[in-house]
Amino acid sequence: MAAALEAAWPDTELAGAIAVPAGTRRDTQRIELLEAGHPVPDERSVAAAQRMHALVASLGADDLVVALVSGAAPPCSASPRPG
């Protein structure tokens with residue numbers, strides 16, 4: 001999905017991150033791939049969620065967010081409550 005988004009918007013300033021199951025490799029130029037645990041979330045899943053939260057928190061009022069969500073999203077981007 002990330003590679004298709006990059007291909008669809010080749011001349012648009014584009015940056016971001018996407019969490020993927022460990023071992024999944026795709027060629028993306030502008031979107032960072034974050035490998036994470038799947039089907040069981042792990043510390044990489046938590047780190048991926050934290051990275052994506054930080055990216056969204058850094059956006060301004062004129063920025064556009066495109067969310068690409070698949071069935072792998074819950075375990076790949078886990079953000080558990082403290083404790």
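**Asp42 and its surroundings**

Mentor: In this predicted model, a polar atom of the Asp42 side chain lies 3.1 Å from the backbone nitrogen of Gly37. Asp42 sits in the loop that runs between strand β2 (31-36) and helix α2. If neighbours within four places in sequence are set aside, the residues in contact with Asp42 are Ala36 and Gly37.

The Asp42 side chain also has a polar contact with the side chain of Arg44, at 2.6 Å. Asp42 and Arg44 meet in a salt bridge as well, with 2.6 Å from N to O. Side chains of opposite charge can pair when their charged atoms come close. As for accessibility, Asp42 has a relative accessible area of 19%, so it counts as buried; the cut-off for that class is under 20%. Arg44, with a relative accessible area of 34%, is partly exposed.

The search of the whole structure gives three salt bridges. One of them joins the side chains of Arg25 and Glu35, at 3.2 Å from N to O. Arg25 is in the loop between β1 (16-21) and β2, while Glu35 is in strand β2; the two residues are ten residues apart, and the pair links distant parts of the chain. Glu35 is partly exposed, with a relative accessible area of 28%.

Another salt bridge is formed by Glu32 and Arg51, whose closest N and O atoms are 3.0 Å apart. Glu32 belongs to strand β2 and Arg51 to helix α2, so this pair ties together parts that are 19 residues apart in sequence. Glu32 is partly exposed, with a relative accessible area of 33%, and Arg51 is partly exposed too, at 35%.

Away from the charged pairs, Met1, Trp9, Leu64, Val66 and Leu68 make a nonpolar surface patch of about 470 Å². Leu64, one of its members, is found in the loop between α2 (43-57) and α3 (73-76). The relative accessibility of Leu64 is 65%, so Leu64 counts as exposed.

The C-alpha trace spans about 40 × 30 × 15 Å along its principal axes. For 83 residues, a compact globule would have a radius of gyration near 12 Å, and the 13 Å of this protein agrees with that. Of the 83 residues, 25% count as buried, Asp42 being one that is buried. Among contacts between residues at least 6 apart in sequence, 49% join residues at least 24 apart. The accessible surface comes to about 5,800 Å², and 55% of this belongs to carbon and sulfur atoms.

Technical notes: Residues are numbered from 1 along each chain as its sequence is written. This is a predicted model: local features need pLDDT of at least 70, side-chain atom pairs count only at pLDDT 80 or more; totals for chains, interfaces and linings use all residues. Side-chain values use heavy atoms; hydrogens and water are left out. Patches are made of residues with over 30% relative accessible area and no salt bridge: like charges are joined within 9 Å, nonpolar side chains (Val, Leu, Ile, Met, Phe, Trp, Tyr) within 5 Å. Accessible areas come from the Shrake-Rupley method with a 1.4 Å probe; for residues, only the protein chains shown count as cover. A salt bridge is a side-chain nitrogen of Lys or Arg within 4 Å of a carboxyl oxygen of Asp or Glu. Helices (H or I, at least four residues) and strands (E, at least two) are DSSP runs, numbered from the N terminus. Buried means under 20% relative accessible area, exposed over 50%, partly exposed in between (1.4 Å probe, protein chains only). The radius of gyration is taken over C-alpha atoms; the globule rule is 2.2 Å times the number of residues to the power 0.38. Contact means heavy atoms within 4.5 Å. A polar contact is a pair of N or O atoms within 3.5 Å; within protein, one must be able to donate a hydrogen and the other to accept it, and residues adjacent in sequence count only if both atoms are side-chain atoms.
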